[in-house]
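Here is a short report on one protein chain.

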Amino acid sequence: MEPFVIDDYCGEEGLSPINKTYPSDIVDLLNDNFKHHTLIFSKGKTLLGGDDKAGVAEIVTALEYIVKHDIQTNDIYVAFVCDEEIGRGAALVNYDKFKADYIFVLDGEFAGEIHISNMSSFFCGIKVRGEHSFLGRAKNVMKNAIDIMGEFMSCFPNDERPQFCEGDDGFFHFSKIQGDLINTILMCTIMDFEEDKMNEKIQRLYDVCDMINAKYGERTISIVFPQNGFNHLSKNKNESIVKVVERSMLVNGLQCKKINFRGITDATLFREQRKVAITIGIGCSAFHSIYEWVSINDMEKTVRTLVSISKERI
């Protein structure tokens, strides 16, 4: 990754040396909220990796400041976990060593965010088994797995795809498809905030498969390696810890915004271990894309917020 730093962002023209065209929504967001910030992007078609390099940098910088200035704090335990993006990083934490009563996860998006809840997820594969035949005599004989998979996908409208929804909307995400007319497999992720809506979406997957099997024959389509589902601990239930973060953000110039985060962080896994955990924003956006960027100004405010949190008597 080759970084590109704009010391004083003044508008879209400053992005021209990066050699990629930014979506209008990202440009509008930058122009409306981040003028005169120091911003970091990546050149070319590479990821910046601010998610979660920025979080790591903020934690280390806050610790450095605390030690350098001999600040009296509560006991602080630090864990850098791997594999967060596949949802299993926090499962590897050794709680005999990591004895924190409250956990602050540096993996949110915009600085000032406090995640009140995360989405739950269900992941599976959809497999279609087709049948080949001589093309000249294919009528009523051939079953083209690619066409059948297209028929399956058409049963889920666009307004239930992540690129067409927002806020508290759940969605179906079809992330990868491969195969041929004999065997085709599709990777599917369902995400939602509410248990009944999650269960309804999962059931719809099975109902559509039943409909297609009734049309083309038993075992034409099937759901394979389903995993996860609704997580009852995806919501933060400790309001006192939220107030600590709010106070620390406000005194350091951040406007607090409590949100339902459209994604998953390690806070969810920590809660599965019966820990009190909350995710806060790190000052980045456009995660997982070549358009990702980070604000140094907001990172500095987040560092100061961490120092303030460390001095709170929780």
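## Glu 166

Glu 166 sits in the loop between helix H3 (145-153) and strand S6 (171-179). Helices (H or I, at least four residues) and strands (E, at least two) are DSSP runs, numbered from the N terminus. With a relative accessible area of 60%, Glu 166 is exposed. The classes are buried (under 20% relative accessible area), exposed (over 50%) and partly exposed in between, with a 1.4 Å probe and protein chains only.

Glu 166 and Arg 137 are 29 residues apart in sequence. In space they are 47 Å apart, C-alpha to C-alpha.

## Basis of the model

This is a predicted model: local features need pLDDT of at least 70, side-chain atom pairs count only at pLDDT 80 or more, and totals for chains, interfaces and linings use all residues. Residues are numbered from 1 along each chain as its sequence is written, and side-chain values use heavy atoms, with hydrogens and water left out.

## Ser 120

Ser 120 belongs to strand S5 (residues 120-129). Its relative accessibility is 2%, so Ser 120 counts as buried.

Neighbours within four places in sequence are left aside here. Ser 120 is then in contact with Ile 190, Met 191, Asp 192, Met 198, Gly 229, Phe 230, Asn 231 and Ser 234. Contact means heavy atoms within 4.5 Å.

## Helices H5 and H7

Two packed helices are described by the angle between their axes and the distance between the axes. The axes of H5 (residues 239-250) and H7 (residues 296-311) come within 8 Å. They cross at roughly 130°. Axes are lines fitted to C-alpha atoms, for helices over the stretch in contact, and angles run from 0 to 180 degrees between N-to-C directions. H5 and H7 are therefore oblique to each other. Angles under 35 degrees count as roughly parallel, over 145 as roughly antiparallel, 65 to 115 as roughly perpendicular, and the rest as oblique.

H5 contributes Val 244, Val 245, Ser 248 and Met 249 to the contact. H7 contributes Thr 305, Ser 308 and Ile 309.

## Whole chain

The protein chain has 7 helices and 12 strands. Its C-alpha atoms fill a box of roughly 80 × 50 × 30 Å, taken along the principal axes. Of its 314 residues, 47% count as buried.

Consider contacts between residues at least 6 apart in sequence: 76% join residues at least 24 apart.
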